[in-house]
Amino acid sequence: MKLPFTRRILTLLALLLTACQGLRAQTDEDAIMMGKYDLCTGLTYTHSSWDYYWEGTYHRNNYNLGTVKTQMVSLMGIYGITRHLAVVANAPYVWTDATAGTLHGMHGIQDLSGWLKWEAFRQKIGSKGVFSLFALAGGSVPLTNYLADYLPLSIGLHSRTASGRIIADYQLGHFFATASGTYTWRSNITIDEQSYYTTELHLTNQVQMPNQMAYNFRTGYRSNRWIIEALFSDMVTLGGFDIRKNDMPFPSNKMNATMAGAHVKYEFKAIKGLSLTAAGNYTVAGRNVGQATTIDAGVFYIFDFNHKSKTAETPTLKTK
Amino acid sequence: MNMHIHIYAFRFLSILALTAMLACNKSISNATASLPSLTPANEDLNAGSWKTILLTRPDTFAVAAPAATTSPAYAADLNEIKGYQAHLTSDQLGQIKYWSAGGVLRWNETMRELVAKYNLPPYQLPNGTYPIPSSTNPFAYPLFPFSNPPYAARAYAYVSAAQYDALIACWHYKTLYNRGAPYTVDSTVKALAGKTSLPSYPSEGAVLAGATAEMMQLLFPDEIASIQTKLQQQEFSLIASGAAAPSDVTAGEALGRQVADVFIARGRADNAGKAVGTPSIWASFVTTAEANNQQPWISLETPARPPMLPLFGAVKGFLVDSAAVVSLRPGPPPSTGSDSMKADVQAAYNTVKNATREQLSLVQFWADGVGTWTPPGHWDYIAAQDFIGQNYSEVRWARNMALLNMAEMDAGIVCWSIKYYYFNPRPSDMDPAIRTLTGVPNFPSYVSGHAMFSSAAAAILGYLIPARAQAYATMAQQAADSRVWSGIHYSIDCTTGATVGQNVGNYAVQRAMIDGADQ
């Protein structure tokens, strides 16, 4: 009973294997469900850069890094198993670079992440209001053997993760507010060194990665054609240590970030299923992270495999 | 249909959550966290006659004869032990187990930790200059010391050498007075850290604690308090485990401190304090290189950082004297204007571009850069992991660590002398398009410190454990190659450095052959 379903999920994940991390907010953090048997695929380009960062709590720049840039191209797929259950997967190709100093940038395929998204509860409130609750389980695995202990120019942290997320959404006409909370378990990582110093010397190549909590709040306008929303998010690392003065960052640092931004999505009338997205994010506060400004742009297309329901609801309109 | 899928979905989510919870236990443990007690195959009872490093005689410092085991004073010692043994906490038992693996090992690990902790280059001042750590004001930022590779090499050497001489004196008195361990005197005293036939007066563990703690005055003055705490833990463990009587420990600590003071006096006059140089000295390296029609080394940091310890080559070595520092110096690297240099720079560029994942791994493995134990510390770790399997006595542990670390310090001295004699630019100085896979060290290129430290270590370790000689040579080669792969060195820096490093290492081998330990 369990196995065939799991196999189906795995098959789907495999199908979407080539897929990102870029627009995380696009589908695994919103309150939108796909139509049944709809497959949405998308390509997103992300550009993130910073020249100031927090060394522990000390806000500084570094003339030996200049501006640190991370670029990503992410392939994403979302498939509606039912109207209330969807699977989301993505995988990015990442490039890093610093404009000053001598450190060589890195590039490569990063982690495959996947989510199972379930609309667990939906209740109409009055004539125009809808309240819904979503439960998500997700995880990520590194797809390649990239260097983790090469911050700030490593392309990722090489940890396997498992996450649980609850999303609550309230829509009133075209206006909505969505809040979510996420807990992420992160596996230990193996680095190439035999020893490293955190607040003490470790004689092992295993690094204990602290878990993380994340909160996300988004609100704005949502219709058949448009989503226009403001975003606020907060990431908190539950443990970890601070970068010491003039030390290099390390994967198990206490990385916290508070970000604010906006996201716009437009769905074309003329070409059914085609949509464009754009978003911008700014790190307002942080600890052991770069003060990044991130912009991304993406194109998404929905393949409808449910021929009986050609006029099925678009993914953006589930709540109508 | 939908209902079924939702049940599956719920189960799937639950399984994921459960898996995640199970994966929650993420504790990691150190490679030496649960070692057995040190049980030497040979107690090296003749070590009192081994060749000392600075002490002129093993009995330079008098140790009074101990009280007889039948005396009331010794009975009080035994009662103190029994009192502790009746109420040992799990934390205390953990300490006993930790220290029972061997004092030289544990103090060497502690030294590696201190080096990693203090191995941070100072942050620049608003005016673009860099503050210099001061031994007279060690708690002010930048903390003293900045334990960069040469500093670290010297620190490991002083501690190891002081421990060795102190244990030679200790062994002298052990065999002279021949007072057994408490558990051999009174069978009701438990031997919680294993049993040996070694006389326990003065306590070798306390000698190590005293010598190491005393050395902190010179090397890590901010850590005197933390090391004092560690000393107390070791001494308590020695007594509570039944391995040493309080009077063994008191005599041992005092002896260790006295011997260490001889090394501190040497350290205060070995020229290390002057190794930072002055702005006019820094400038003179540039003018000398230019006078020889060479492109000088330039700091690749912004703001430009003064070169690391440019006068470290004038520090007084343990094995290599100042005349030998000159005679060990290799010929010059290719002239910076030559075609040969041009080819080397192009080779460095291509090497970085074509680095494989395996090479990246080795670059990281051997980087031993900022915030780490440095290359000499890495070799101490490699040595210690092998020494553990050899069941050495404490005195042989100390002797072998001293040989290794004196070779490392002297390799550092010779290397720094060469670096500042030629003041050769890094590949990225010659061609700013060369991006590196690890931080570029802030000192001249020729010859590679990694190559020298590693070949010197491989030479002495290969002598000490011949079965591992080939493995050490391979590791030394990898360490040197990793610096080329990362784009911070030309190949000739490493091949030449390896040869000179081996020559320095052979000084340690020569000493080992006549120090009395292998005869």
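1. Does F305(A) count as buried, partly exposed or exposed at 45% relative accessibility? F305(A) counts as partly exposed at that value, where buried means under 20% relative accessible area, exposed means over 50%, and partly exposed lies in between (1.4 Å probe, protein chains only).

2. A word on the basis of this note. The model is predicted, so local features need pLDDT of at least 70 and side-chain atom pairs count only at pLDDT 80 or more, while totals for chains, interfaces and linings use all residues. Residues are numbered from 1 along each chain as its sequence is written, chains are lettered from A and ligands numbered from 1 in the order in which they are written, and side-chain values use heavy atoms, with hydrogens and water left out.

3. Aromatic pairs. Over all chains, a search of the whole structure finds 35 aromatic pairs; rings of Phe, Tyr and Trp (its six-membered ring) pair if their centres lie within 6.5 Å, with planes under 30 degrees apart counted as stacked, over 60 as edge-to-face and the rest as tilted. Y183(A) and W185(A) are edge-to-face, because their ring planes stand at 65°, with the centres 4.6 Å apart. Of these residues, Y183(A) is partly exposed at 27% relative accessibility, whereas W185(A) is buried at 15%. F303(A) and F305(A) form a stacked pair, 6.4 Å from centre to centre and with 15° between the planes. F303(A) is partly exposed, at 37% relative accessibility.

4. A cluster and a cis bond in chain B. Ring pairs join Y118(B), F144(B), Y151(B) and F220(B) into a cluster. The peptide bond from F144(B) to P145(B) is cis, with omega near -5°. P145(B) is placed in the loop between α4 (103–118) and α5 (149–177) of chain B; helices (H or I, at least four residues) and strands (E, at least two) are DSSP runs, numbered from the N terminus.

5. A cis bond in chain A. L151(A) and P152(A) are joined by a cis peptide bond with omega of about 10°. P152(A) has its place in the loop between β8 (129–142) and β9 (161–172) of chain A.

6. Positive phi values. L309(B) is not a glycine, although its phi is positive, at about 35°. This residue, L309(B), is found in the loop between α10 (279–291) and α11 (322–327) of chain B and is buried, with a relative accessible area of 12%. D368(B), also a residue other than glycine, has a positive phi near 45°. D368(B) is in the loop between α13 (357–367) and α14 of chain B and counts as buried at 8% relative accessibility.

7. Helices α14(B) and α17(B). Helix α14 (residues 374–388) of chain B packs with helix α17 (residues 449–464) of chain B at an angle of about 20°, the axes being 9 Å apart. The two helices are therefore roughly parallel (angles under 35 degrees count as roughly parallel, over 145 as roughly antiparallel, 65 to 115 as roughly perpendicular and the rest as oblique). Among the residues of α14(B) that meet α17(B) are W379(B) and F387(B), where contact means heavy atoms within 4.5 Å.

8. Helices α7(B) and α8(B). The axes of α7 (residues 204–219) and α8 (residues 224–240) of chain B come within 9 Å and cross at roughly 175°. The pair is therefore roughly antiparallel. The contact includes A209(B) and A213(B) of α7(B), and I227(B) and L231(B) of α8(B).

Note on methods:
Axes fitted to C-alpha atoms, helices over the stretch in contact; angles between N-to-C directions.
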